[in-house]
Amino acid sequence: MNGLANYRLEQSGNGETVLALSGPYLVSTIGAIDAELRLLAGPIARIDLSDLSEIDTVGAWITNNLARQHGAEICGANARAERLIDALKDMGGEERLVPELLPLWERVPLAMGEKVFAARDGIMGVLSFLGAIISASAHLARHPRRFRILALVHQLELVGVTALPIIGLMSFLIGIVIAQQGAVQLAQFGAETLTVNLVGRITLRELGVLMTAIMVAGRSGSAFAAQIGTMKLTEEVDAMRTIGISPVEALVIPRILAAVIMMPLLGFYSAGVGIIGGAVIGDVMLNIPFWTFLSRIHEVVPLHDLWVGLLKAPVFGLIVALAGCYHGMQVKGNSEEVGLRTTMAVVSAIFAVIVLDAFFAVFFTEIGWG
């Protein structure tokens, strides 16, 4: 007896093979020989347990599996071993590890139903969140001293001031690309000078504010979701509620106002830098002097193109901030949820911005600002 589980194969008087188990068959000892027992070649007529010193449910389960695998009879068991073996005799070792796959005509309706219910829950959550924002805004209107000016200024800096370099660089490069590619196509018709019209109108009306919204969604919208989501995981949001501070007033409203205020400024800045990028290409490739390019912008771009971009910008900022704050407030469970909700905030914000931009394009065309 060495304190380990053992086994041996013996031949009985009538030529039958007997598997004799010995030692303690416990969860702590049987692992060393479990693989060998599974690979035993039959036929085995009986499994003899008379030399077992101890047995637990794992040992009884393995004994039952061996008996079922070889069609063997179990003998020599003491009272405790018999009770355990009888209790586990109906438990097979080949249970399914995955549920049975339903037919296609059942899986598709079930999946669609789950999507519908998830969409319903999402809509209800968004409406509830909007209601909380409206309620908090009304409360702040009645008690303006509760409004957090410092938090708003901080968010204005994060959303606007610190975003100027990346948005400026992006807009400058986009202006260069539009001017260069537009000039190549217009040159086929001898209309290179219309590059000024192309760059001016597309940057002021569409690309300036649209690309800015996408950049703000990826930069600030994701930050809103990650910051608020982390605060929820660390129970800071619950602590704020406990001491009587509304998380919507302290965390959500300053971020929404910052995005709404800064988006028109960033959109105008982006359009201006994009036009400068186009003017650089005009000076280098098209022989249009830099200052002449800029002065022509004033002549060929109608004023309503500027207003189209400025009117869309605060709406885009509102959408981006709402998506970031909403998904941040939905974080629960573990840190993986923070990454998931941050991704959802960026994707949903960009999707909503592009869809709204399409509606705005149709609307402004219908009112004569095409």
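1. Leu130 is partly exposed, with a relative accessible area of 31%, where buried means under 20%, exposed over 50% and partly exposed in between (1.4 Å probe, protein chains only). Leu130 lies in helix α4, residues 104-142, helices being DSSP runs of H or I with at least four residues, numbered from the N terminus.

2. This is a predicted model, in which local features need pLDDT of at least 70 and side-chain atom pairs count only at pLDDT 80 or more, while totals for chains, interfaces and linings use all residues. Residues are numbered from 1 along each chain as its sequence is written, and side-chain values use heavy atoms, with hydrogens and water left out.

3. In the largest nonpolar core, which has 45 residues, those touching the most other members are Phe129, Ile133, Val216, Leu251, Val252, Met263 and Phe316; such a core is a set of buried Ala, Val, Leu, Ile, Met, Phe, Trp, Tyr and Cys residues joined through side-chain atoms within 4.5 Å. Two or more residues each come from α4, α5 (149-159), α7 (195-233), α8 (236-242), α9 (247-285), α11 and α12 (335-366), and α9 gives the most, with 11 residues.

4. Leaving aside residues up to four places away in sequence, Val216 touches Val159, Ile167, Gly221, Met263, Leu266 and Val320, contact meaning heavy atoms within 4.5 Å. A second, separate core of 23 residues includes Leu21, Leu66, Ala77 and Ile85.

5. Lys312, found in helix α11 (residues 303-329), is buried, with a relative accessible area of 0%. Residues up to four places away in sequence again not counted, Lys312 touches Arg205, Glu206, Val209, Asp357, Phe360 and Phe364.
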